[in-house]
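Student: I am new to this structure and would like to go through it step by step. Could we begin with the overall layout?
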Amino acid sequence: MSPAAPGVVTFVMDGKDVSARADQTVLAVAREHNVAIPTLCALEGLSTVGACRLCLVEIAGSPKLQPACVLKATEGLNVSTRSERLDKYRKMIVELLLSERNHVCSVCVSNGHCDLQSLAQSLGIDHVRFPYLYPSFAVDASHARFTLDHNRCVLCTRCVRVCDEVEGAHTWDVMGRGIRSQVITGLKQPWGESESCTTCGKCVQVCPTGALSEKGKSVAEMRKRRDFLPYLTQMREEHA
Amino acid sequence: MSKVRLATVWMDGCSGCHMSFLDMDERILEIADKVDLVYSPLVDIKTFPESVDVTIVEGAVSNEDDLKKAKMIRARTKILVALGDCAVTSNVPAMRNQFGTEGVLARAYLENAQINPHVPNKVIPPLLPQARPLHEFVPVDVFVPGCPPSADDIFSVVADLLAGRTPDLHGRGRFG
Ligand code: SF4
Ligand code: FES
């Protein structure tokens with residue numbers, strides 16, 4: 001048997017041998033092989049932060065779970081993308097997200113087109129076992145074209161990253177700690193008063209929930225358009 | 001074969017779940033053949049009976065009467081079903097939770113009242129501090145999310161229960 005070509009690794013995923021480029025993540029390889037790993041914070045074209053932990057996978061010989069969106073494919077790795085333990089944690093994560101804010105799917109602009117809602121559905125979550133917090137969060141409708149509803153934010157930071165990395169404006173950031181964290185525009189100014197916002201709308205399109213939406217959209221009308229992101233990323237890579 | 005004793009209860013919800021139940025067209029006859037509807041807003045029985053096989057609850061637990069009923073129903077029911085997002089998550093009724101009962105009552109009965117503004121304190125049961133899902137108060141056996149759940153989902157759950165099977169929505173059930 002000849003040694004693997006440079007930069008190519010072979011590892012085991014769910015009991016099957018797969019090969020990958022050494023710079024690929026386990027998530028990317030899984031997607032190439034049509035292995036579904038749930039994700040929320042990860043989005044192709046943005047940097048990875050490993051924040052939501054939904055994509056955790058098991059590694060043989062290690063007690064620690066690793067996020068597939070960050071984990072690099074390495075020679076000899078043996079990962080499982082599905083198990084009872086993973087299922088348990090994934091459900092728990094989504095239930096906690098649902099309990100931490102006021103998602104109220106039935107009256108959301110993104111009802112039927114929401115990543116959080118469809119994650120709950122695909123994980124078979126039919127109720128939330130944790131007590132709902134029903135926190136008091138504001139809606140910022142000061143921007144001429146867009147609305148920010150903190151009640152529906154899952155703190156994935158997709159908006160922060162797309163604004164910084166793709167638009168180059170860095171209008172968005174996160175303030176506070178833990179459960180009190182909140183996305184902000186500028187130095188926590190009303191969004192409409194932000195001088196750095198270019199009104200490009202990229203944040204709205206990448207937001208997985210109804211937290212960011214276009215004004216004028218009613219219940220269930222907000223469909224996000226994310227096709228621009230892989231295109232821009234590809235253009236930049238090709239012309240780098 | 002003896003008939004299954006079925007009850008349906010309407011708490012803090014818009015009755016949309018009951019409407020969706022009725023929306024299952026001729027399949028409702030199939031169900032009607034197999035059940036005794038012993039209590040429901042759809043029939044004229046005033047008291048909740050002592051023993052019920054299946055009780056379907058629509059709506060959140062929102063006032064003291066809901067809470068009393070929830071406990072009584074649980075004690076008298078074999079299989080308790082939370083039907084729809086209000087029962088399962090508290091949904092729209094919970095949108096008042098962040099304002100407190102005083103704020104909500106003042107908004108409804110004082111600020112928006114043109115004639116004789118006053119907060120009612122007789123007959124109407126007092127609000128609980130928050131509207132919350134049924135399972136936070138009593139154990140629930142079956143959850144059917146959706147606002148409202150589709151007639152197909154309701155039929156499949158009820159048909160399963162009547163046949164003695166554990167209901168399985170096969171991933172169809174969804175919040176919202
Ligand atoms: S506003 Fe949307 S994109 Fe930004 S952190 Fe919240 S959920 Fe994520
Ligand atoms: S998708 Fe990997 S941690 Fe969020």
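Student: Which domains does the domain assignment of chain A give?
Tutor: Please keep in mind that this is a predicted model. The assignment gives domain 1 (8-82) and domain 2 (87-226) for chain A.

Student: What separates the centres of domain 1 of chain A and domain 2 of chain A?
Tutor: Taken over C-alpha atoms, the two centres are separated by 25 Å.

Student: And how many residues of domain 1 of chain A are in contact with domain 2 of chain A?
Tutor: On the domain 1 side there are 20 residues, in contact with 19 residues of domain 2. The size of an interface is often given as the accessible area lost when the parts come together. For these two domains of chain A, the area buried between them is about 1500 Å², with 65% of it on carbon and sulfur atoms.

Student: Which three residues supply more of the area that domain 1 of chain A buries against domain 2 than any other three?
Tutor: They are A:Leu40, A:Leu46 and A:Leu54, which supply 42% of the area on the domain 1 side.

Student: Let us turn to the two chains. How many residues of chain B are in contact with chain A?
Tutor: The contact involves 24 residues of chain B and 23 residues of chain A. The chains bury about 1800 Å² between them, and 57% of that is on carbon and sulfur atoms.

Student: Which residues in chain B lose the most area to chain A?
Tutor: These are B:Gln98, B:Arg174 and B:Phe175, together accounting for 36% of what the chain B side buries.

Student: Is A:Leu98 buried or exposed?
Tutor: A:Leu98 counts as buried because its relative accessibility is 6%, and the cut-off for buried is under 20%.

Student: What about B:His135, where is that found?
Tutor: B:His135 is in the loop between β6 (127-132) and β7 (142-144) of chain B. Leaving aside neighbours within four places in sequence, B:His135 is in contact with A:His127 and A:Val128 from chain A, and with B:Val88, B:Val140 and B:Phe143 from chain B. At 18% relative accessibility, B:His135 counts as buried.

Student: What does A:Val94 touch?
Tutor: Not counting residues up to four places away in sequence, A:Val94 touches A:Leu54, A:Leu116, A:Leu119, A:Ala120, A:Leu123 and A:Ile125.

Student: What surrounds ligand 1?
Tutor: The residues around ligand 1 include A:Cys153, A:Cys156, A:Cys159 and A:Cys207, as well as A:Thr157, A:Arg158 and A:Val183. The shell divides into 10 nonpolar, 1 polar and 1 charged residues.

Student: And which residues is A:Val174 in contact with?
Tutor: Beyond its neighbours within four places in sequence, A:Val174 is in contact with A:Thr157, A:Val160, A:Ser181, A:Gln182, A:Val183 and A:Ile184. A:Val174 lies in strand β8 (residues 172-175) of chain A and is partly exposed, with a relative accessible area of 34%.

Student: Finally, the backbone. Which residues does a cis peptide bond join?
Tutor: The cis peptide bond joins B:Cys147 and B:Pro148, with omega at about -10°. B:Pro148 lies in the loop between β7 and α6 (151-162) of chain B.

Student: What is the phi of A:Val104, and what is that of B:Val123?
Tutor: A:Val104 has a positive phi of about 35° although it is not a glycine, and B:Val123 has a positive phi of about 65°. A:Val104 is buried, with a relative accessible area of 13%, whereas B:Val123 is exposed, at 86%.

Methods
Residues numbered from 1 in each chain as written. Chains lettered and ligands numbered in written order. Predicted model: local features only at pLDDT ≥ 70, side-chain atom pairs only at ≥ 80, totals over all residues. Heavy atoms only, no water. Near = heavy atom within 4 Å. Nonpolar A, V, L, I, M, F, W, Y, C, P; charged D, E, K, R; others polar. Contact = heavy atoms within 4.5 Å. Buried area = accessible area lost by both parts, 1.4 Å probe. Domains from an automatic or database assignment. Helix = DSSP H or I, 4+ residues; strand = E, 2+ residues; numbered from the N terminus. Buried < 20%, exposed > 50% of the residue type's maximum accessible area, 1.4 Å probe, protein only.
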